[in-house]
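Hello,

Here is the structure I promised to hand over. Have a look through it first, and then read on for what turned up.

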Amino acid sequence: MLRLSSSLKLPDEAITQTFGLLAMRGAGKTNTARLMAEQMFARKLPFVAVDPVGSWWGLRSSRDGKGPGLSIPIFGGQHGDVPLERSGGALIADLVVDERLSCVLDLTGFDSEAAKKAFLLDFARRLYQRNREPLHLFLEEADDYIPQKPMRDEAQLLRAWENIVRRGRARGLGITLITQRSASINKNV
């Protein structure tokens, strides 16, 4: 069981379920998601945190910051082990699928929204195409790349994530959508 509190436990099968953590800023959405990730890691259930704000790197240290946390790679961002590149989405998805890798994708290092969205499009498409084993995705600030009103260049990106959220369970994929702007997430998702 994934123990989120003394009164809230989820079965291991939650890895392929869909959740939404929707609340105002500062209400504990990210902390709740990180706790879920820590519990999944302890049960050897792989996860990927898609992090456009650079806040998930803290999983690698203890709560007090004085000891080690989870032994997971961080791709991209200021605290990353290796940078992310615009054309690397499919490669990272292959690595996650082939190695059953839990990791953080810190998107803050991209120099443009176009580069970030190109990476996410390739990652989502390849992951949906290849994954068949249980894997959970934490989508921080989900409204950023699964918008209610996509711009012209976001339609393919929206469709790729829509496939994962709506049909991903058949491919072993579970999702936690995290946002303070639930009205801004696409209604089909």
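The largest pocket is lined by N31, R34, L35, E38, G58, L59, S61, S62 and R63. A pocket here is an open set of points on a 1 Å grid over the protein atoms alone, where a 1.4 Å probe fits, with protein on both sides within 12 Å along at least five of seven lines; lining residues have an atom within 4 Å of a point. Its volume is about 210 Å³, taken as the space filled by probe spheres set on the points, which are joined across faces, edges and corners. The lining holds two nonpolar, four polar and three charged residues, with Gly counted as polar, Leu as nonpolar, and Glu and Arg as charged.

Please keep in mind that this is a predicted model, where local features need pLDDT of at least 70 and side-chain atom pairs pLDDT 80 or more, while totals for chains, interfaces and linings use all residues. Residues are numbered from 1 along each chain as its sequence is written, and side-chain values use heavy atoms, without hydrogens or water.

Next, K29 sits in helix α1, residues 29-42 (helices are DSSP runs of H or I, at least four residues). K29 is buried but forms no salt bridge, as the nearest side chain of opposite charge, E141, is 6.3 Å away. Buried means under 20% relative accessible area with a 1.4 Å probe, protein chains only; a salt bridge needs a side-chain nitrogen of Lys or Arg within 4 Å of a carboxyl oxygen of Asp or Glu. Lys counts as positive and Glu as negative. The K29 side chain does reach the backbone oxygen of M24, at 3.1 Å.

Happy exploring!

Methods
Helix = DSSP H or I, 4+ residues; strand = E, 2+ residues; numbered from the N terminus. Buried < 20%, exposed > 50% of the residue type's maximum accessible area, 1.4 Å probe, protein only. Polar contact = N/O pair within 3.5 Å; in protein donor to acceptor, adjacent residues only side chain to side chain.
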